[in-house]
Structure formats: C-alpha cells, structure tokens
Amino acid sequence: MHYQLQDYCKLVKGANRAAIYDFRTCKVHSINLSAAQILSACQDNAIEDLWDISSADNLQYMDFLNKLRDKNLGAFHDTKPVPVPELTFPHSPVKLDFIWLELTSACNSKCLHCYAECGPSTVVPEPLPHHRWLSLIAEAKEAGATGIQLIGGEPLLYPKWRELVLKAHQLGYECIEIFTNGTLVDDECVDFFKNYNVSIATTIYANNAEIHDKVTLQPNSFNKTMTAIKKIMAADIPLRIASIIMKANENEVENIMKLYDELGMKGSYPDVIRPTGRGDDLHLLPTTYCKPPIKPPFYTDESSFTAAHHHHTCLAGKIAVTTAGDVIPCIFARNQQCGNILKTPLSEILRDQPINKCWHTTKDSIDKCKDCEFRYACSDCRPLAQGFDPSKSWLAPPQNCAYNPFTGIWENATQVQINKGG
C-alpha cells in the first residue's frame, strides 16, 4: 500500500515545522516536521516497508495519514502512484507593468510623515525636463506598462500635468491615476479627470479638521480635501482613499472607518507610517495602534505560490521615477536606486541587475522568512521591513511577524512590535 499527497497539494518545509499548501481550497495547513518526514518517506516507499501497520505502536502514523485523507489532502493507493512532477520556477524576465512619476517636490502641505520630505519650502526648479517625462511615458508603455500614477509632492502643482495625462491617454494606458491631497481640485480639474478616464487617490488622516490639519500642517486642508472628494464622487470618477496612522492621529481609526461608511465607499484599513523620509522618526510612531500582525490562517492559490518562488509579489514589475530621474522599485524604497533616466534609457535600466535584483527578492532570500514554512503564502513590504531594521538591511525580516520558525511558536505580537521599535 502506498500513500501520496493529492496532486493539488504541495509540501513546504521550514526550520522546525512544515506546511501543506492545498490549492483546491487555497488553505495552508501546518504540520510538525516529523509528519513532513513521514510524507516524504511515503513518496518512495510502500507503507509496509516503513512500519508494521498491524502494530499498535504505529497506529499514530496511520491515524495521521487517515486524517489527511479525510481532509482530501492525501490518498492511499494499491500500487505506487506516478510521482507528481516538481514545480519548476524559471527565472523568466519580469515585465514592467506599473510606473509612478514623482513630478515635483513642491507641495502646499508639509505632512509630518512625508516619505519624500516635500513641502512649500522645497519648491525648487525641477531637474527633469518636461520632454523627458513625456518620452518616459512612451518608453514605459513600450516596455509593457499598463498603469501609471502621477504623484509628488502635489502633482497638481506641476504646471503641465495635463499634458502628461493626455500623453498616457493617447498611448492607451489602462489605468491613469493621480495621487493628490485634493486641496487644488476644482470643477475644471473634475471635468478633465472625467473626460480622460483619470482615477483619483487621496489621503485623509481623520474625520475632522483639527487632527487632519495637524498632520498636513496646512490650515483648512481637511475641508478642501472633503470638498474635492464629494465633487469627484458626484462625477462618478473612480476614487480610492488611503489613511496613514501615526502618533498624531492614532485615536482616529474608528472615526476614519465611519467616514468611509458615511461616504458610501469601501476604504482600506488604515496603514501605519512608513519609516522613510520625515516618517523615519521614532517620535512619530503610534503608541497604541500597530499594523495587524502577520498570523494564520494563511491562504494562497497555485499561481501565487508559483509567483512567490520567482519574484517579489509586490515589487515585481513596478518602478518609481523621482524628480531627479532616479529609478527606484517603490516610492518608499528611496535608497534602492537602480539607475537614472537622465543618463540611461529606461529599456537599459529595466534589463540591468539592480532593478531585477529588487524584483526577484523572494522570501527564500529574506532573513527568518527563508526558514519559514509559510513563506510562499504571506505578504511582505521590503521598504517597511528595511526601515524598521536597525542596520537598514534590504533583507531584514518583516517587523510585524510574530512567528519564530526555529521554534515553531507564535510569540506575543505586541511584544514583537516593542522589541523592534514599533
């Protein structure tokens, strides 16, 4: 008699435990390492050759296999089944899919946590010529980009932002989004957004002016942003709202979620300040609110499982271009410079090792994660992990993970936050 995991299951081993990935239900089941060794032994041997199935001392092994069978994770076979081919993960090139254009460092707000350290006092002549932004939009589309976001600073302070939208629209970008604080949005802007299928993203920090304006350091910014939100929604323009939590607004989470409900839109749960730019300040960190910790249950499908072996599932295919022309893998990864479009064509930068090394940063290379059996099922933010790491390592483990793969124990999540400075 033989035993084998179902074809839709994969076994992943960690330092102390293992996991069965069930692609039929997308669930990830945790098992101990001894159980994983039994499954591995069953791959090449008949059960009778491994232990005496009539002995009471070995009932525990059969009980384990029966439990997996009852969950449709494994099956008994009279003859040795054909081995399931191992998944292969070729290092095929990742294509560019999305690009951020950081048009200007000018901003009419001076948010406490700004990752690019923008504000009214940083208004300087932009080093990247307008014609280079235009040609970059075309180069990115030729390289495969389907989405583009204009950011800043405040992108609406860039004098010729409309020309960039028109260029992207003419080239057929599937998604054109502007991330704005909303304070400069007027009826003319709304009409333009509508005419050229522009989506809008903005940020709120509270449901009241007192706290919101305390974060932006721009008087009356809350009222202006809310006016813009209502205009955009009335015009049926795609809109998403983000919220970032720091010490100044950590008591506003429930109020922010209520505001989403009042607006009749689904908002994402507030994120925590990124330790980048002005945000890299321990005094800004919230003391009572933290990003939800990484914890079970875990779910993933076969496509995502395969992708996680090959590349970073958040970074891959994305680049940001700063006002200085620097190419970085994410707007928060300010120190991961992968080239400069004033010196090198985009096509060459996309072929070079620095950006591809970032794109192919998998959990198999990240400290602690590489020894974890859940590594192909959980999310990851490299800039966040790097920012909270004392040595600022690109391969630092996520600071909101409470799991110790070497003991197989989930530690106290709050204590992990405290131990790592969160």
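Helices (H or I, at least four residues) and strands (E, at least two) are DSSP runs, numbered from the N terminus. The model is predicted, so that local features need pLDDT of at least 70 and side-chain atom pairs count only at pLDDT 80 or more, while totals for chains, interfaces and linings use all residues. Residues are numbered from 1 along each chain as its sequence is written, and side-chain values use heavy atoms, with hydrogens and water left out.

Positive phi values occur at two non-glycine residues considered here. Asn72, in the loop between helix 3 (59–70) and strand 5 (74–77), has phi near 60°. With a relative accessibility of 38%, Asn72 is partly exposed (between buried, under 20% relative accessible area, and exposed, over 50%; 1.4 Å probe, protein chains only). Lys368 has phi near 70° and is located in the loop between helix 12 (353–359) and helix 13 (382–388).

The structure holds one cavity of 30 Å³ or more, where a cavity is a set of points on a 1 Å grid over the protein atoms alone at which a 1.4 Å probe fits but cannot get out, and lining residues have an atom within 4 Å of a point. The volume of the largest cavity, about 100 Å³, is the space filled by probe spheres set on the points, which are joined across faces, edges and corners. Of its 14 lining residues, Lys368, Cys369, Cys372, Cys378 and Cys401 lie nearest the centre.

Cis peptide bonds were also assigned. One joins Pro296 and Pro297, with omega about 5°; Pro297 lies in the loop between strand 12 (271–272) and helix 10 (302–310).

Notes: On a 1 Å grid over the protein atoms alone, a cavity is a set of points where a 1.4 Å probe fits but cannot get out, and a pocket is an open set with protein on both sides within 12 Å along at least five of seven lines; lining residues have an atom within 4 Å of a point.
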